[in-house]
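The exercises below take a reader through one protein chain, from its overall make-up to single residues. Each task is followed by a solution that goes step by step.

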Amino acid sequence: MPENTPNNAPETDRPTARRDQESPSSSGPTTPAAAAPERRAREEVQRTAQGHHSKPETAGATHRVVIIGAGFGGLECARALARAPVEITLVDRHNHHLFQPLLYQVATAALSPGDIAWPVRSVFRRGRNVTVLMATVTGVDTEARLVRTAEGLALPYDTLVLATGATHSYFGRDEWARFAPGLKTIEDATAIRRRLLLAFERAELTEDPAERRRLLTFAVVGGGPTGVELAGAMVELARATIVGEFRRFDPRSARVVLIEAGPRLLPTLPKDLSTYAHHALERMGVQVLLGTRVTGVDASGVQCGEERIAASTIVWAAGVVASAAAAWVDAERDRAGRIKVAPDLSLPSHPEIFAVGDTAAVTDAKGRPVPGNAPAAKQMGRHAGRVIAARLAGRTDPRPFAYRHHGDLATIGRRAAVVSLDSIRLKGWLAWLFWGVAHIWYLIGFRSRVVVSFEWIWGYLTLQRGARLITRSSDARPEAIAPAEPAGASVPATIEAARRTA
Ligand SMILES: Cc1cc2nc3c(=O)[nH]c(=O)nc-3n(C[C@H](O)[C@H](O)[C@H](O)COP(=O)(O)OP(=O)(O)OC[C@H]3O[C@@H](n4cnc5c(N)ncnc54)[C@H](O)[C@@H]3O)c2cc1C
């Protein structure tokens, strides 16, 4: 049994005192008088949570693994533990696993949310040792080994896997978020779709040419893969899909501006591919602004130093920061908030806790940081699962985590993409085909593959998009496309974190 495996013993052999005693919680110190009812309440929810683990099919499997996050890392970790003698509780604040690489297609009305998201529960329908809970984690009590949720649960764990991903970073200007949403969730995508489509509808209503120009201006901040894909898809929507549908203006007059603070687009790709992407976007009608820092964002547009871009729709694709997981477990973290992990992906201060995916800071064999992308998250999730299973079986841990980079891809538009594999670089139509097949391959389930393939072929042949719905559910805020006074902050927009891999 490896030295750093305090949880390998069966539950009954382990001291339980720590779980029974009053322990520091994320909600701060408790007075002795208040402690007793609180403890009783906690034990109650604990019993409730433990009830999830008492299924007869898995009797005897007592090691409790709680995985927070059903993204790429969390899902893969749960799958890797499918045959291990463990009870897994997979907690996510959403009821679905989301294929983020195609979110931009939902935001631009090419795909529907259901095409790229799957109920986590259905993914593990046959996984008898997996209990799925839809709950929002608010903290971890590392002393008592409890995961706390906003719903009042306290989930006991023997091994904990943090797979909570990343979120947008506005570089300290979080007030920009309401005017320039980022793209991370289904709600984000449908909110952006709403703003985009509503802008065209409002442009048909207005008599004022200046206001129409503003309504038909779309700004994307950040020239990484997401920014490039969004800008390309937006311009195609305006210049191909909806042409001929409006009577009071020509949608081809829409202006899509891609703003990047750095010297080139797609900075993680070889320079020739990034130059190709730049020229391809310009040919499609996107205005690319390089070396341009965003200094203000408000409801009526974007400020870039002296230059003002009046825009109705602004999308933020400029920065990401890790989830709050590092704070929950008081772990050492890097500048992006990612947890610094040991070579086996566990926390040096807590070997029973693992961090995987975008929320972990890992370096490869050459000391380079592992990028925040889907394959890296999956590889980490799988590795953490193997380490946990090996420990439980009393085997030595597998070799340290080693990231395998498959390549970098980005699509620019219909028939244009860039692909950089080990020894092969592709661009144009062939790269686009490669990108499409790779993404279809990684979708979950036959239905999604068929539906997405059909939508793409249909869109390719007809230029139409099947999901042009304006819904109010996720973004009914009036500031979405309404003008307001400009703001004057001065913070650079940096390039979106490197992350595109085949
Ligand atoms: C728009 C976009 C496009 C992308 N395109 C690509 C691409 O083309 N190729 C590529 O390789 N990568 C791409 N990425 C990056 C890739 O999606 C991420 O690197 C990957 O999803 C990371 O996996 P993860 O498991 O770490 O986190 P995620 O997949 O983000 O999963 C985290 C999960 O944790 C849950 N969670 C978070 N906080 C809590 C909480 N407090 N309580 C409960 N649950 C919580 C979330 O709901 C989520 O389900 C893209 C990302 C985005 C946003």
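Buried residues make up 50% of the 502 residues in the protein chain, where a residue is buried if 20 or more other C-beta atoms lie within 10 Å of its own, exposed if 12 or fewer, and partly exposed in between, with C-beta atoms placed from the backbone. The model is a predicted one, in which local features need pLDDT of at least 70 and side-chain atom pairs count only at pLDDT 80 or more, while totals for chains, interfaces and linings use all residues. Residues are numbered from 1 along each chain as its sequence is written.

**Exercise 1. State how many helices and strands the protein chain has, and what share of its contacts join residues at least 24 apart.**

Begin with the elements: the protein chain has 13 helices and 25 strands, taken as DSSP runs numbered from the N terminus (helices H or I, at least four residues; strands E, at least two). Next, take the contacts, for which two residues must have their C-beta atoms, placed from the backbone, within 7 Å. Among contacts between residues at least 6 apart in sequence, 70% join residues at least 24 apart.

**Exercise 2. Work out the strand order of the open sheet of 3 strands, and explain which strands stand at the edges.**

The order is β14-β15-β16, with antiparallel pairing; two strands pair if DSSP finds at least two bridges between them. Because β14 (296-298) and β16 (307-310) each have a single partner strand, one side of each is left without a neighbour in the sheet, and these two stand at the edges. From one strand to the next, the twist averages 10°. Looking at one pair, β15 (residues 301-304) joins β16 over 4 bridges in the antiparallel sense, and Val 302 has Ile 309 in β16 as its bridge partner.

**Exercise 3. Describe helix α9, its buried residues and what covers them.**

Helix α9 (residues 271-284) has 14 residues and spans 20 Å from its first C-alpha to its last, close to the 20 Å expected at 1.5 Å a residue, the expected span being 1.5 Å times one less than the number of residues. Its buried residues are Leu 273, Ser 274, Tyr 276, Ala 277, His 278, Ala 280 and Leu 281. The cover over the buried residues of α9 includes α8 (225-241), β12 (255-259) and β13 (286-289), together with β23 (408-413), β24 (416-420) and β25 (425-428). After α9 comes Gly 285, with a positive phi near 115°.

**Exercise 4. Find the angle at which α3 and α11 pack, and the distance between their axes.**

Helix α3 (residues 72-80) and helix α11 (residues 374-392) pack at about 35°, with their axes 7 Å apart; the axes are lines fitted to C-alpha atoms, for helices over the stretch in contact, and angles run from 0 to 180 degrees between N-to-C directions. Among the residues that make the contact are Phe 72, Leu 75 and Cys 77 of α3 and Ala 377, Met 380 and Arg 382 of α11.

**Exercise 5. Decide whether Phe 171, Arg 415 and Val 86 are buried or partly exposed.**

Phe 171, in the loop between β10 (166-168) and α6 (186-205), has a positive phi near 55°, and since 15 other C-beta atoms lie within 10 Å, Phe 171 is partly exposed. Arg 415, in the loop between β23 and β24, has a positive phi of about 75° although it is not a glycine, and its 14 C-beta neighbours inside 10 Å make Arg 415 partly exposed. Val 86, in strand β2 (residues 86-92), is buried, with 24 other C-beta atoms within 10 Å.
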